[in-house]
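Please read the following report alongside the sequence and the model.

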Amino acid sequence: MIKNLAKRVLLDSGALRVAAKLRGKGAAIVMYHSVLEDPAREADSLGGVIHSREAFQGQMELLAKHFRPVTLDQVGRFVKGEVELPERAVVITFDDGYTDNYEMAMPILDRLGVPAAFYVTVDCIENRRLPWPSRLRFSFRTTGKKAWSDESGKIWSLESAQDREQAYLRACDYVCQLAGITLEKIVGRIEEELDAKLPDNRGALMMSWEQVRGLAQNGHIVGSHTMTHPNMAYLGIEDVRCELVQSKDRMEQQLNARVEHFSYPCPALFPNWTERTTEETRKAGYQTAVTTSNGLARRQDNPLCLKRVRPTKSVDGLRWNLESAFAGRAG
Ligand SMILES: [Zn+2]
């Protein structure tokens with residue numbers, strides 16, 4: 001309560017805006033995943049990444065009114081010193097490729113004239129299945145098993161909700177270091193071990209290629225979020241290249257357009273990018289890449305590891321995070 005009051009006083013005083021002027025220009029790249037009417041309905045699979053439609057709409061109205069929405073292309077060129085940006089520039093991004101991005105978020109964005117970038121996980125689009133962390137979350141939360149043995153043979157209790165969460169996080173730490181068919185095989189094995197598999201019809205939560213094309217046709221940017229959603233920093237070089245190049249190629253075939261933007265998945269462990277992966281994104285032909293590190297994109301940053309800002313779930317929370325980021329404060 002007191003903390004909120006202190007934030008409110010700071011926001012109203014304009015002190016953060018003065019600090020922002022001193023810090024110089026930058027763009028806040030805001031990171032979203034999913035927007036649904038009732039976030040609680042999919043909490044067992046998608047977890048905490050869902051915004052309610054109401055909260056998202058309020059946040060977009062805030063951006064349209066008090067900030068300056070720009071495109072990701074503009075930010076890429078700003079960072080490279082090719083163009084100027086207005087003050088308080090913001091970019092909206094979505095990770096993973098959920099159907100609600102097309103059905104729920106895009107109509108709000110288009111009505112308010114806010115451009116966005118949507119990063120899709122190719123395997124999830126092609127096979128209409130949720131990213132593996134969501135599938136495993138569902139398995140660990142709904143299994144009737146009382147214990148689970150990890151790959152090293154260690155036994156994890158599944159008695160309490162807390163136990164299940166611990167075991168789930170352990171599984172994520174292991175699986176995020178795999179990629180491609182190996183990753184899919186291990187996820188399938190864990191689903192079998194727990195005898196709890198997310199129903200196939202929940203795959204409808206992921207966009208079809210037709211919907212992905214619809215985003216592009218409406219003027220939004222579509223980028224890659226890998227093939228299979230690993231932690232790129234923990235993969236061997238061949239897997240890194242495969243995730244970057246194959247996803248780009250597949251998307252370019254499907255969209256009949258260049259795909260020049262990439263978003264690093266953050267399924268578990270830290271960091272999720274390295275100097276080496278940055279170099280590989282450049283070699284693969286990407287113009288920008290975004291990470292999950294917190295902060296603004298500033299001139300002379302490396303365009304292939306741009307920071308982002310987390311939106312929180314409330315309008316005031318987003319406003320605070322943005323004003324803080326522009327003022328150069330840690331959220
Ligand atoms: Zn993701």
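The largest pocket holds about 580 Å³ of space. Here a pocket is an open set of points on a 1 Å grid over the protein atoms alone, where a 1.4 Å probe fits, with protein on both sides within 12 Å along at least five of seven lines, and lining residues have an atom within 4 Å of a point; grid points are joined across faces, edges and corners, and the volume is the space filled by probe spheres set on the points. Of the 29 lining residues, the closest to the centre of this pocket are His 33, Val 49, Arg 137, Cys 266 and Arg 310. Helix 9 (161-175) gives the largest share of the lining, four residues, while strand 1 and helix 8 (132-142) also supply at least two residues each.

The model is predicted, and local features need pLDDT of at least 70, side-chain atom pairs count only at pLDDT 80 or more, and totals for chains, interfaces and linings use all residues. Residues are numbered from 1 along each chain as its sequence is written, and side-chain values use heavy atoms, with hydrogens and water left out.

The zinc ion is coordinated by Asp 96 (OD), His 225 (NE2) and His 229 (NE2), at 2.1 to 2.2 Å. Donors are N, O and S atoms within 2.8 Å of the metal (3.2 Å for Na, K and Ca), and since water is not among the atoms, sites may look incomplete. Asp 96 lies in the loop between strand 5 (89-94) and helix 6 (99-112), and His 225 in the loop between strand 9 and helix 12 (237-255), so the pair ties together parts that are 129 residues apart in sequence. Asp 96 counts as buried at 5% relative accessibility, and His 225 counts as buried at 1%; buried means under 20% relative accessible area, with a 1.4 Å probe and protein chains only.

Helices (H or I, at least four residues) and strands (E, at least two) are DSSP runs numbered from the N terminus, and two strands pair if DSSP finds at least two bridges between them. The pairings below include both directions.

| Strand pair | Bridges | Direction |
|---|---|---|
| Strand 1 and strand 5 | Six bridges | Parallel |
| Strand 1 and strand 12 (residues 297-298) | Two bridges | Antiparallel |
| Strand 6 (residues 116-120) and strand 9 | Four bridges | Parallel |

Seven of the seven residues of strand 1 (residues 26-32) are buried, so this strand is largely enclosed by the rest of the structure. Ser 224 is the bridge partner of Val 120.

Notes. Buried < 20%, exposed > 50% of the residue type's maximum accessible area, 1.4 Å probe, protein only.
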